[in-house]
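Let's take a friendly walk through a protein model. Have the sequence and the 3D view ready as you read.

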Amino acid sequence: MNIRTTVEADLDTILALIEQQQSVNTVTLDRFREYVDAGYYRHDWTWAVEEDGKVQALAIWWGRPDEDHPFSIDGLYYAGDDDPVPVWTDLIKHTLSARPADAEPPEYHFFLDSDWQDKPDVVAGLELRSQSAAAAGLTEVTDRLRYAWKPSYGLPERSTRLRFEPADDEAFVDVFARVSAGSLDAATAREIARIGVEGSARAALAVYTSMPNSDRAWWRLGYDADGKLIGFAIPSANAGGLTVGYLGVLPEHRGHGLIDDLLAEITHMHAEIGAERITADTDFGNVPMAKSFERQGYRNFAVRRVLSFPES
């Protein structure tokens, strides 16, 4: 058995596996072609198990085009009829061993319909892949609610309590760090455990300034009538379209519904440039954010399951 990255000659095999095994894998034929062209999928980020000259298993990783290493697994595939877990586990471990020790810890993402638990093929596919990821060390499970807003849902009322102003990068680093105190977001907690509060804030700055199709000029700080800083709103966009991005209320101002004001501002800013759909995610445990989405007219349409390494 040989584990290697794929080459152009493997393309027909890759496409056949994608077409046959779509129940739980994020990759579709259209997504694969689009993301290869855009640089989110690459042959040197796609790993195969080869036996007797044939590809038996495949791992397709996603990464940002400007990065040296991929960030998350988007699909695991198997061509055999026996248990794929040992082969997938070896494949993931081999891929992880090729990463530098100081590289950002990778994740495995599943994009699931809201009723995924009623679909036996999805449940079975998720279980096998989760076992493989856990055996390779990705034992932390975070479920995120996925929301969307469309014009037909109606615009939320725009804030009359806050005014919004642009600011420079250092101002956003400061507010990112301050908002992270007591955050209910699991990814933020993992980043703080890994690189500290300031490191996490600067990593967030780097992520959101590098978002494709986004515009740094959209970023805003929110102030109340007395000029006190309340929080921030970062409308954003990725390869899939417009997103809520990132928002937060400073700890001393929480509990007054101001998160609604920030979310409404993001929604209006996107609507002003013709948004037909705005998407957003929040952890199951972040109840205040989920309730804000629902109050502001966003609707839950799916679940994102994230497998990651434990914080320690």
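## A tryptophan and its surroundings

Leaving aside residues up to four places away in sequence, W219 touches E165, P166, F172, F176, L205, Y208, T209, A233, I234 and P235 (contact means heavy atoms within 4.5 Å). W219 sits in the loop between α6 (186–209) and β8 (220–223). Helices (H or I, at least four residues) and strands (E, at least two) are DSSP runs, numbered from the N terminus.

Is W219 buried or exposed? W219 is buried, with a relative accessible area of 1%; buried means under 20% relative accessible area, with a 1.4 Å probe and protein chains only. F164 is 55 residues from W219 along the chain, and their C-alpha atoms are separated by 9.2 Å.

## About the model

This is a predicted model, where local features need pLDDT of at least 70 and side-chain atom pairs count only at pLDDT 80 or more, while totals for chains, interfaces and linings use all residues. Residues are numbered from 1 along each chain as its sequence is written, and side-chain values use heavy atoms, leaving out hydrogens and water.

## One face of a helix

Now look at helix α8 (residues 287–295), where M289, A290, S292 and F293 are buried. Seen down the axis of α8, these buried residues fall within an arc of 160 degrees, so they line one face of the helix; the arc is that of the directions from the helix axis to the C-beta atoms.

What covers them? Among the elements covering the buried residues of α8 are β6 (140–149), β10 (241–249), α7 (258–272) and β11 (278–283). Just after α8, G297 takes a positive phi of about 95 degrees.

Terms used. Buried < 20%, exposed > 50% of the residue type's maximum accessible area, 1.4 Å probe, protein only.
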